[in-house]
Amino acid sequence: MAGPLPVKSWKRPIIAPSLLSADPLDIGGSVDLLQGEQDWLHLDVMDGHFVPNLSYGPALIEACRSRWPDFVLDVHLMVDRPEDFVEDFARAGSTVLTVHQEATPHLHRVLHRIRDLGCSPGVTINPGTPVETIKPVLDLVDLVLVMSVNPGFGGQGFIPGSLEKTRLLCCWREAFGHDYLIEIDGGIGPGNSAQAVKGGCDVIVAGSAVFNTPEPSVAVREIRARALEGVICD
Ligand code: DX5
Ligand code: ZN
């Protein structure tokens, strides 16, 4: 089992390539193509109920943990009733375990459970969900993920209104003394990573903009370089 995420020790912006766009027949080879340019790996777990797609289960997280013992494995659970799965995903070696507000009536309980299991708890909301719905649990999490596409598929267009949510989360973090990281997921690439950082995002997930390119390591460098312009301009 991985240890908890030392939230404040990461230099931002944090770039997290999403393996959903990696080569499904050679995920290890896809990660090797990153040449260590990434900060975290983002793994999208889909159950065919909460989202209209299926992906993978704890076995992939376990295989990643075994091959890369020191990597941050940022696991995004797009599943109904995540409370039924967090134990397996924690045991498999997840670093961050993020659950959807919309997927459980027991959000508070499952976030506590994730921390008890030795992982960093994260909470996430779909584009149609107001950010106010997670206000009561912000003191429990290490990470808040704002979906900037409707979850289920890579390669969709970025929904600009998402940055209103990240800005609000940034203000609340300051006002209430929280220390969560703010992550954005969906439709991000070199063309809008600066905008995301200006909007308060600490962690940038990118799938197709990384792996659907001839040189994923160059793509990560480019996303980071442009994101840093967002920091400088702020
Ligand atoms: C979508 C997933 C994303 C996806 C992002 O449901 O949560 O992590 O991989 O893909 P891009 O970056 O291609 O939008
Ligand atoms: Zn994701």
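**A loop asparagine and its surroundings**

Author: Asn 126 is in contact (heavy atoms within 4.5 Å) with Phe 50, His 100, Glu 102, Met 147, Pro 151 and Lys 165, once its neighbours within four places in sequence are left aside. The model is predicted, with local features needing pLDDT of at least 70, side-chain atom pairs pLDDT 80 or more, and totals for chains, interfaces and linings using all residues. Residues are numbered from 1 along each chain, chains are lettered from A and ligands numbered from 1 as written, and side-chain values use heavy atoms, without hydrogens or water.

Asn 126 counts as buried because its relative accessible area is 15%, the classes being buried under 20%, exposed over 50% and partly exposed in between, for a 1.4 Å probe and protein chains only. Among the residues that Asn 126 touches is His 100, and the side chains of these two are also joined by a polar contact of 3.4 Å. Such a contact is a pair of N or O atoms within 3.5 Å; within protein, one must be able to donate a hydrogen and the other to accept it, and sequence-adjacent residues count only through two side-chain atoms.

Turning to ligand 1, one finds 20 residues around it, the closest being Ser 18, Gly 152, Asp 185, Gly 207 and Ser 208, where a residue is near if one of its heavy atoms lies within 4 Å.

Most residues other than glycine have a negative phi, and most peptide bonds are trans. Gln 35, however, has a positive phi of about 50°; it sits in the loop between α1 (27–33) and β2, and counts as exposed because its relative accessible area is 57%. Arg 81, likewise not a glycine, has a positive phi near 50°, occupies the loop between β3 and α3 (86–92), and at 43% relative accessible area is partly exposed. The peptide bond leading from Arg 12 to Pro 13 is cis, with omega near 0°, and Pro 13 itself lies in the segment before β1 (14–17).

Gly 191, in the loop between β7 (181–185) and α6 (193–198), is exposed at 72% relative accessibility, and its C-alpha is separated by 9.4 Å from that of Glu 222, although the two are 31 residues apart along the chain. Phe 71, in the loop between α2 (58–67) and β3, is partly exposed with a relative accessible area of 26%. Leaving out residues up to four places away in sequence, Phe 71 touches Val 31, Gln 38, Leu 41, Arg 65 and Thr 95, whereas the C-alpha of Arg 167, 96 residues from Phe 71 in sequence, is 28 Å from that of Phe 71.

Terms used
Helix = DSSP H or I, 4+ residues; strand = E, 2+ residues; numbered from the N terminus.
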